[in-house]
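Please look over the model shown here before reading on. The paragraphs that follow take it one part at a time.

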Amino acid sequence: MSDRGQKVVIVPCSGIGKTFGTVSREAAYKVTEDMRPADTELVALSLLVLGDEDAREAVSEHATVTIDGCKLACATKMVQESGGTVAQQFTVLDAFRRHRQFKSQGIAELNEGGKQLAHALAEEIAAAVDGFSGNGRGKEDA
Amino acid sequence: MPDLPKKKVGIVACSGEELPEGTVTRLAALKVLEQLRPADTVTICLPLFLAGGEGDRAFARFYPTVAVDGCDKRCAARATEMYSGKPAASVVVSDLVAEYELEQPEGKRRLNDAGQRAVEVTAGWVAGLVDDILGRPAGQQAELATELAEVSEPEGEEAVVATCSCGSGIPIQKVAVNGRVVTLIALPVIFQQLHQAGKRPGDDMARELLEVVKIYNPIPREEEQDYTEALLREYAAFCEKQEAPA
């Protein structure tokens, strides 16, 4: 049995060649390190690809939120392939449609628009996490 | 021989988000793709070997591949071999950190100076492997990695976007060979190039066709005749389709 308790697992896209991949990763870090560190855990997609037992257990036994960087939806597909159920899927493209003023550029380093988009997405994810973990916190805790 | 697309080297980074070394792999891969060897390299996201289609899984059989891993779990190297093809070479960041006596990289989101130095060393090492695979004499990984670690180059040049193969897939075609359906990598491109070169399907080009297909596909010697017959049949069908009135 893992010691994850009721943590929500966050699985971002591991995209390397497009700016939305970087946005998905930055949003995941914001949630797991800044906004909800006690309630969330980041699981790397590469571990799921390899079939790592601990990573598979994490996504199969905990509420899992995926963040996909493109329409190929690797994060969502890999969680499902690994025996997990996606509690909620976020996509960067949808987030961009909701926040068109934040135009993301850059892969190694996001521009200001990319950082703002990641922050907006992270706030949405944090709210979802609150719903799954039942702590009822609002954005003001972020 | 037809002018097939230029052979490139595929870079597959683990991109492990839970470790600073994973960030090193991603940034090192980007540096090779965008700055050090932009004309010679292409990449794909590791998860596409499972989440993608057959064309994505053909990646490491089409491109000789360098796997770049952050730790000794070697997710990129092992998953590439399991689902696509054995990498031509691989590198593990934690091994390079030890070998070059670098300080431990820290910071998954923002690498510290040691992490940036590890990026330089890893990128130099990978660029050297690319040169080796492409048969270039400059492929002295250790020298290049040391040089890059000592003198970090300015990054003021115009940005080149990494050539990302995600979703584009490698062109494949299923062919019946002696009653068995096999998947042949790059066949549509080979046919296209031969047709553009004015080659007509026939015995006089059969050997050439087989040899080009063998560059990208393992064909057992004892089955070469069966493959040749199948390839000629498929190429004839391709030409007929190309030349049919619209």
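B:K174 stands opposite B:T183 in β6(B). The strand β6 covers residues 180-185 of chain B, and 6 bridges join it to strand β5, residues 172-177 of chain B. The two strands run antiparallel; strands pair if DSSP finds at least two bridges between them. Helices (H or I, at least four residues) and strands (E, at least two) are DSSP runs, numbered from the N terminus. β5(B) and β6(B) form a hairpin with 2 residues between them. In the turn, B:N178 has a positive phi of about 50°.

This is a predicted model, in which local features need pLDDT of at least 70 and side-chain atom pairs count only at pLDDT 80 or more, while totals for chains, interfaces and linings use all residues. Residues are numbered from 1 along each chain as its sequence is written, and chains are lettered from A and ligands numbered from 1 in the order in which they are written.

Chain B is divided into domain 1 (9-150) and domain 2 (172-243), with bounds that come from an automatic or database domain assignment. The C-alpha centres of these two domains of chain B lie 34 Å apart. Their contact takes 5 residues from domain 1 of chain B and 5 residues from domain 2 of chain B; two residues are in contact if their C-beta atoms, placed from the backbone, lie within 7 Å. On the side of domain 1 that touches domain 2, the elements of chain B that give two or more residues are α3 (54-57) and α4 (59-62).

Between the chains, the contact takes 24 residues from chain A and 31 residues from chain B. On the chain A side, α1 (19-35), α2 (45-50) and α4 (74-81) of chain A each give two or more residues. The largest share, 5 residues, comes from α2(A). This side of chain A divides into 16 nonpolar, 4 polar and 4 charged residues; Ala, Val, Leu, Ile, Met, Phe, Trp, Tyr, Cys and Pro count as nonpolar, Asp, Glu, Lys and Arg as charged, and the others, Gly among them, as polar.

Within chain A, helix α3 (residues 53-61) has A:A55, A:A58 and A:V59 as its buried residues. They cover an arc of only 85° around the axis, so they are on the same side of α3(A); the arc is that of the directions from the helix axis to the C-beta atoms. On the other side of α3(A), A:E53 and A:D54 are exposed. A residue is buried if 20 or more other C-beta atoms lie within 10 Å of its own, exposed if 12 or fewer, and partly exposed in between, with C-beta atoms placed from the backbone. What covers the buried residues of α3(A) includes β1 (8-12), β2 (40-42) and β3 (64-68) of chain A, along with α2 and α4 of chain A.
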